[in-house]
Amino acid sequence: MDDLCNELICSRNESLFELENDIAINILSRLPVKSLMICKSVSKHWWRLISSPDFMRLQLIWSQENPGYVFFPYACRCHSEHFLTKIDGETTETLAGCNNRYFRNMICSFNGLICCIKNEGIRFRTRRSHRQDLYICNPATREFLLLPQSRGSEESPKIGVAFYPRTSEYKVFRFFSPVGKSHETRNVCEVYSSINGSWKGTGCVAHSPWSSKHICINGTVYWFIRSKKDGLSIVSILAVDMVENFSVISIPEEATRHTFLVSFEGCLSLVAGNAFNKSRFDMWILQDNKKSTWIRKCSDDMSFLSIGRVTHVAVQKNEILFASVQQYFFYNMCSKTWREFNWVHDFRKKFSIPSTYTESLLPCNGLIGS
């Protein structure tokens, strides 16, 4: 009888512990990452809980419900340092742990991880070799990872990062021109994998991106390809997936003027100037990538901000951010309304690429639970 009572008491205590644990996880997963980093120091139990892969994934799910944008850099008038700036609605937050050593050139953001590059040129007698420091950073946890150095290039390399849709693993694609190679072997690609932590060559490629501006959707990276005739016109899109399959997607002739790659509801999309009216913009969504079939999602007037002055575009849920040198406008696709984001007076309006941003606890090495 005593054994049965003891067994029932133990079972009840375990059930209560599991219930308390579930309640704690449900509450903690909704907290900002900054608060979670403090909570990890409360006890060993909370440290193990918050560091667990399941909790990291749950926290990311909740965080994705409240996405924002991230910009770099701004320069405070009283300091020479540069910091990352996060925007949520009408508020700004300075992520002071992210200084200009790492965020020299931010090229992409996905699930809280940001890829940055720092270019350096080295002169070798008659040639100049371009080398890059590539960082994967998590500004919320203040973690940074410097990727292994790769081969030198005669031209500035073009970068793209592909993230696995359901994990934190990623691949970095680097297109470059090897020093001293012939013209026929100038377009070469190499790939860094977070799984094995090293680079591998894929050989010569038929197409090379125009720049490191790219978008990653469901594990596939997309870049613009410029015309070989004039080197200016956008003629198509280069796509590379996680298993390193290369393909080219044509774009509508009406969407070749001031065009930007964006992601909308998990689909590759374009925001471009209207072909017949300079004061309007169009948004196109790729319906069939094999046939390069596009449909026009929306079109509206933007006479107060010429599309030709827009330098970057980002899309978050039903909102499009248009960024120029000194103006930032948000367009709501549901209500078809505009609003301007007004920076506080202490910020200088000199920003690089604005990216969509979601806080997370994901590690920079891409290996949850390592």
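Tutor: On a 1 Å grid over the protein atoms alone, a cavity is a set of points where a 1.4 Å probe fits but cannot get out, and lining residues have an atom within 4 Å of a point. A volume is the space filled by probe spheres set on the points, which are joined across faces, edges and corners. This is a predicted model, in which local features need pLDDT of at least 70, side-chain atom pairs count only at pLDDT 80 or more, and totals for chains, interfaces and linings use all residues. Residues are numbered from 1 along each chain as its sequence is written, and side-chain values use heavy atoms, with hydrogens and water left out.

Student: How many cavities of 30 Å³ or more does the search find?

Tutor: The search of the whole structure finds one. The largest cavity holds about 30 Å³ of space, and its lining includes Asp133, Pro148 and Trp199.

Student: What makes Cys204 buried, exposed or partly exposed?

Tutor: Cys204 has 48% relative accessibility, and therefore counts as partly exposed.

Student: How many disulfides does the structure hold?

Tutor: A disulfide is a pair of cysteine sulfur atoms within 2.5 Å. The structure holds zero disulfides.

Terms used: 1 Å grid on protein atoms, 1.4 Å probe; cavity = no way out; pocket = protein on both sides within 12 Å on 5 of 7 lines; lining within 4 Å. Buried < 20%, exposed > 50% of the residue type's maximum accessible area, 1.4 Å probe, protein only.
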